[in-house]
Amino acid sequence: MNHEIRHILFYSFILAVLIFGLRWLQWNFIVLDNAIDIYIGLIAIIFTILGVWIASQSIRPKTQKIVVEKQIFIPRSKTFTLNERALKKLELTNREFEILQLIAKGHSNSKIADQLFLSLSTIKTHVSNLFTKMNVNSRYHAITKAKELEIVE
């Protein structure tokens, strides 16, 4: 019985190889008989894809929006006049106003403390009160607002 199974498997394998060979030959004949049609179809597909790509490129707008930010310095008049009305509106103490002037000159908290003979924590408290009264949250905004109100040079 073992011998019969071997023969069946061998003939089955041969038959499968023959069927595969015939299918392969049939495919080759189809390709050879219809080669021009296949090439024309492939060229048509390539040109269709190329046409769609070119159309999508020509539809896209060619303009670009560019935003340029530039800082412009406006020269002020040489004589500075203090806007006392705006200064009174802010209700700054003399010490806070003095610190604001030093901040506008570019001094750091430690440099202001040394110059006014105060502790650093006292200067920080004055700066915090100054920010609250001016309704700002940074030194830059405080200086900008002070210059707009014309209370510092």
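This is a predicted model: local features need pLDDT of at least 70, side-chain atom pairs count only at pLDDT 80 or more; totals for chains, interfaces and linings use all residues.
View 1. The structure holds one aromatic pair. Its partners are F10 and Y11, with ring centres 5.7 Å apart and planes at 65°. That makes the pair edge-to-face, because ring centres within 6.5 Å count as a pair and planes over 60 degrees apart count as edge-to-face (under 30 is stacked, the rest tilted). F10 is partly exposed at 47% relative accessible area, while Y11 is exposed at 55%. Here, buried means under 20%, exposed over 50% and partly exposed in between, using a 1.4 Å probe and protein chains only.

**View 2. The largest nonpolar core.** This core has 23 residues, and I99, L100 and I112 are among those with the most contacts inside it. A core like this is a set of buried Ala, Val, Leu, Ile, Met, Phe, Trp, Tyr and Cys residues joined through side-chain atoms within 4.5 Å. Helices α3, α4, α5, α6 and α7 each give two or more residues to it; helices are DSSP runs (H or I) of at least four residues, numbered from the N terminus.

**View 3. Helix α4 and its cover.** Which residues of α4 are buried? They are E96, F97, I99, L100, L102 and I103. Their cover includes α3, α5, α6 and α7. Just after α4, G106 takes a positive phi of about 95°.

**Notes.** Residues are numbered from 1 along each chain as its sequence is written, and side-chain values use heavy atoms, leaving out hydrogens and water. Local features need pLDDT of at least 70 and side-chain atom pairs 80 or more, while totals for chains, interfaces and linings use all residues.

Methods. Rings of Phe, Tyr and Trp (its six-membered ring) pair if their centres lie within 6.5 Å; planes under 30 degrees apart count as stacked, over 60 as edge-to-face and the rest as tilted. Contact means heavy atoms within 4.5 Å.
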